[in-house]
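Visitor: I would like to take a close look at a single part of this protein. Could you guide me through the pocket and then show me what surrounds it?

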Amino acid sequence: MAFAGKWETESQEGYDAFCKLLSIPDDVIAKGRDYKMVTEITQDGNTFSWTQLYPANAKVTNTFSVDKEADMETIGGKKFKATVHMDGGKLSVNFPNYHHTSEIVGGKLIETSTSGAVVFKRTSKKI
C-alpha cells in the first residue's frame with residue numbers, strides 16, 4: 001500500500017525534451033513546466049486507481065490490476081490497452097510512445113518515463 005495517498009510534484013527533470021518528443025505544443029509545455037501536479041492513488045491489493053490532476057482542471061484516471069490487461073488513457077485522450085507489472089515494488093507499463101515506471105524511494109513517489117535517449121523524471125512528495 002506504499003503508493004496510496006495524494007502526491008504533489010516536487011521536482012522534474014527532462015520535462016521540456018520529453019514533452020517535445022510527444023509533440024505537445026509549446027504553449028501547453030510552458031503552462032505545465034512549473035505546475036505542481038497532484039497525483040491521487042488508491043490501492044486495494046494489486047488493484048490501483050491512479051488519477052493525475054493537470055492544469056486547467058484536466059484529469060486522467062486509470063484503473064488497473066497488476067499483470068492484467070487494462071484500458072488506459074493518456075492526458076491527450078489517446079486510449080490504449082496495457083498491462084502494468086510490478087517487480088520489486090516498482091510498477092512498470094509501456095505507453096504508446098514511452099516506457100513508464102513508478103516507485104516509492106525514501107518516502108517520495110518517483111515516476112520515470114523513457115523514450116529512446118529522452119528521460120523524464122518526476123519526484124513527488126506526499127501531501
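**A close look at the largest pocket**

Guide: In this predicted model, the lining of the largest pocket is made up, by class, of 25 nonpolar, twelve polar and five charged residues. The volume of this pocket is about 1000 Å³, and among the 42 residues that line the pocket, those closest to its centre are Gln52, Tyr54, Thr74, Ile75 and Tyr98. Helix H2, which covers residues 26–33, gives the largest share of the lining, namely four residues.

Buried residues account for 36% of the 127 residues.

Nine strands form an open sheet with antiparallel pairing, in the order S4-S3-S2-S1-S11-S10-S9-S8-S7. Strand S4 (59–65) and strand S7 (85–87) stand at the edges of this sheet and have a single partner strand each, so one side of each is left without a neighbour in the sheet. On average, neighbouring strands of the sheet are turned by 25° against each other, direction ignored. Within the sheet, strand S8 (residues 90–94) and strand S9 (residues 99–105) run antiparallel and are joined by four bridges, and here Ser92 stands opposite Thr101 in S9.

Terms used. Residues numbered from 1 in each chain as written. Predicted model: local features only at pLDDT ≥ 70, side-chain atom pairs only at ≥ 80, totals over all residues. Heavy atoms only, no water. Pairing = 2+ DSSP bridges. Helix = DSSP H or I, 4+ residues; strand = E, 2+ residues; numbered from the N terminus. Axes fitted to C-alpha atoms, helices over the stretch in contact; angles between N-to-C directions. 1 Å grid on protein atoms, 1.4 Å probe; cavity = no way out; pocket = protein on both sides within 12 Å on 5 of 7 lines; lining within 4 Å. Points joined across faces, edges and corners; volume = space filled by probe spheres on them. Nonpolar A, V, L, I, M, F, W, Y, C, P; charged D, E, K, R; others polar. Buried < 20%, exposed > 50% of the residue type's maximum accessible area, 1.4 Å probe, protein only.
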